[in-house]
Amino acid sequence: MATEPPLPAGRRLVDPIITTFGPDLAVVTTRFGYDGTATTGRQTQTWVRLPVGWRIVTAHVSVSAAATD
């Protein structure tokens with residue numbers, strides 16, 4: 001299973017949207033930023049309820065190209 005390093009401190013989520021597809025599937029999208037920087041991005045997660053509980057089965061994070069200039 002792939003893992004990612006911890007997120008930098010000060011990350012804030014902006015306008016999260018949770019869309020459900022029945023009782024066992026949800027997609028979460030949000031914008032994010034970091035305190036004191038111009039860095040912004042978007043994040044998407046797909047959550048599925050499995051016998052062991054809710055798990056993220058796919059995720060994507062992208063940083064705005066304008067923020068890296």
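How many helices and how many strands does the protein have?

1. Overall architecture. The protein has zero helices and four strands, where helices (H or I, at least four residues) and strands (E, at least two) are DSSP runs numbered from the N terminus. Along the sequence the pattern reads β-β-β-β.

2. Basis of the model. This is a predicted model, in which local features need pLDDT of at least 70 and side-chain atom pairs count only at pLDDT 80 or more, while totals for chains, interfaces and linings use all residues. Residues are numbered from 1 along each chain as its sequence is written, and side-chain values use heavy atoms, with hydrogens and water left out.

3. Burial and surface. Of the protein's 69 residues, 14% count as buried; buried means under 20% relative accessible area, exposed over 50%, and partly exposed in between (1.4 Å probe, protein chains only). The protein exposes about 5300 Å², and 61% of this is supplied by carbon and sulfur atoms. Accessible areas come from the Shrake-Rupley method with a 1.4 Å probe, and for residues only the protein chains shown count as cover.

4. Contacts across the sequence. Among contacts in the protein with a separation of 6 or more, 20% are accounted for by residues 24 or more positions apart. Contact here means heavy atoms within 4.5 Å.

5. Q45 in strand β3. Q45 is found in strand β3 and is buried, at a relative accessible area of 16%. Leaving aside neighbours within four places in sequence, Q45 is in contact with A26, V27, V28, I56, T58 and A59. The Q45 side chain also makes a polar contact with the side chain of W47, at 3.0 Å. A polar contact is a pair of N or O atoms within 3.5 Å; within protein, one must be able to donate a hydrogen and the other to accept it, and residues adjacent in sequence count only if both atoms are side-chain atoms.

6. The aromatic pair. A search of the whole structure finds one aromatic pair. The ring centres of F32 and Y34 are 5.9 Å apart and the planes stand at 80 degrees, so the pair is edge-to-face. Rings of Phe, Tyr and Trp (its six-membered ring) pair if their centres lie within 6.5 Å; planes under 30 degrees apart count as stacked, over 60 as edge-to-face and the rest as tilted. Both F32 and Y34 are buried.

7. S64 and T40. S64 lies in the segment after β4 and, at 26% relative accessibility, counts as partly exposed. S64 touches T40 and G41, not counting residues up to four places away in sequence. The C-alpha atoms of S64 and T40 are separated by 5.7 Å, although these residues are 24 apart along the chain. T40 is found in strand β3 and is partly exposed, with a relative accessible area of 37%. T40 and S62, 22 residues apart in sequence, are 8.7 Å apart in space, C-alpha to C-alpha.

8. A nonpolar surface patch. L50, V52 and V57 form a nonpolar patch on the surface, together having about 260 Å² of accessible area. V52 is found in the loop between β3 (40–50) and β4 (53–63). V52 is exposed, with a relative accessible area of 62%.

9. Backbone of D15. D15 lies in strand β1 (residues 11–20). D15 has a positive phi of about 55 degrees although this residue is not a glycine.

How values were computed:
Patches are made of residues with over 30% relative accessible area and no salt bridge: like charges are joined within 9 Å, nonpolar side chains (Val, Leu, Ile, Met, Phe, Trp, Tyr) within 5 Å. A salt bridge is a side-chain nitrogen of Lys or Arg within 4 Å of a carboxyl oxygen of Asp or Glu.
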